[in-house]
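Visitor: Can we walk through this one? Please put it up on the screen.

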Amino acid sequence: MSLYGTGMLMTFTEVAPEDEDEFNEWYNREHIDERVWMPGFHRARRYVAVDFDARVKYFASYETGTVQDLANPDYMARLQVQTDWSQKVMAGFTKFDRLTAEITIDQTHGFSGWLGVTRFFPEESQRDRLRNLLKENALPDLKQRLNMLGGCLAENDIEVSNIGLAAQGKPVPPGQTPEWIVLLDGATEAAVRDANDGLANILEGAGVASAGLDRTIYGFLFGNNR
C-alpha cells in the first residue's frame with residue numbers, strides 16, 4: 001500500500017530532557033489521535049533519531065489527501081485553538097521545524113520500523129533532472145535492496161507552509177527556497193543506513209553538495225490512522 005494521499009505535514013521537534021516523558025505521553029495519547037481526525041488527514045507516524053548527532057531528535061509525518069488540505073480553513077482555525085495540554089507541551093519546544101509537502105514521487109509499500117530522512121535544498125536548475133533520477137533510477141534501485149521496502153520524495157510547498165505560519169501568528173521568513181525530503185523505509189536499521197548512504201552517493205554524483213545533505217536515521221515510536 002502506498003501513502004494515503006499526496007500531501008504530507010512533517011515536523012521536527014525537540015524539548016528539554018526533563019520534559020521528554022510528558023512530551024512523548026502527549027504525542028502518543030493526544031496529539032496524534034487529534035490530528036488524524038482533522039479534515040484531510042489520514043495517517044500519522046512519529047519517530048526518534050538513533051543518530052547521536054541528529055540535528056533534531058523527533059520526527060513526525062502526517063499524511064493528507066493533498067498538500068492543500070494543510071491550508072484548509074477549518075484546519076487553520078483549529079491550529080489557533082489548542083488544548084491546555086498542547087499549549088503546555090508546545091511552549092516547551094526547544095526546536096521546531098514544520099514543513100508542508102507535496103509527495104511528487106511515491107514508491108512506498110506499507111511502513112516499517114526504520115526510516116531514513118534526507119533533507120536538502122536543490123538548485124532550481126537541478127530539480128527536473130533530480131526528480132527524474134529519483135523516480136526512474138534511485139528509488140526503484142534502493143527499494144529493491146535486502147530489507148528495504150520503499151521510499152518517496154516530498155517537496156515543501158512554501159505557500160501552504162506560510163499560510164500555516166500566519167494561522168499560528170508566526171512571522172514568515174524572507175528568502176525561502178523549496179526544501180526536498182527523501183524518506184526511505186526499511187525493516188532493519190542497517191538496511192536503512194546503507195540505503196541512506198547509497199542515496200547520498202547518488203545525489204552527490206548528480207551534483208548535490210555533500211555538505212548540503214542533512215541525513216538522519218529514525219526508529220518508529222507510534223502511529224495511528226482512521
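This is a predicted model: local features need pLDDT of at least 70, side-chain atom pairs count only at pLDDT 80 or more; totals for chains, interfaces and linings use all residues.

Visitor: What is the bridge partner of T13 in β3?
Guide: T13 pairs with Y58. Strands here are DSSP runs of E, at least two residues, and helices are runs of H or I, at least four, numbered from the N terminus.

Visitor: Is T13 buried or exposed?
Guide: T13 is buried, at 1% relative accessibility. Buried means under 20% relative accessible area, exposed over 50%, partly exposed in between, with a 1.4 Å probe and protein chains only.

Visitor: And what is T13 in contact with, leaving aside neighbours within four places in sequence?
Guide: F23, V56, K57, Y58, F93, K95 and F96. Contact means heavy atoms within 4.5 Å.

Visitor: How many residues of β3 are buried?
Guide: Seven of the seven, so β3 is largely enclosed by the rest of the structure. Y58, A60, Y62 and T64 cover one side, with F59, S61 and E63 on the other.

Visitor: What about β2 and β3?
Guide: They also run antiparallel, joined by seven bridges. A44 has Y62 as its bridge partner in β3.

Visitor: Zoom out. What is the strand order in the barrel?
Guide: The closed barrel has eight strands: β1-β3-β2-β8-β5-β7-β6-β4, with antiparallel pairing.

Visitor: New topic. How many aromatic pairs does a search of the whole structure find?
Guide: It finds 15. Rings of Phe, Tyr and Trp (its six-membered ring) pair if their centres lie within 6.5 Å; planes under 30 degrees apart are stacked, over 60 edge-to-face, the rest tilted.

Visitor: Which residues do ring pairs link into a cluster?
Guide: F12, Y47, F59, F111, Y218 and F220.

Visitor: Where does the charged end of R119 sit?
Guide: Over the ring of F12, 4.1 Å from its centre. The test wants NZ of Lys or CZ of Arg within 6 Å of the ring centre and within 35 degrees of the ring normal.

How values were computed:
Residues are numbered from 1 along each chain as its sequence is written. Side-chain values use heavy atoms; hydrogens and water are left out. Two strands pair if DSSP finds at least two bridges between them.
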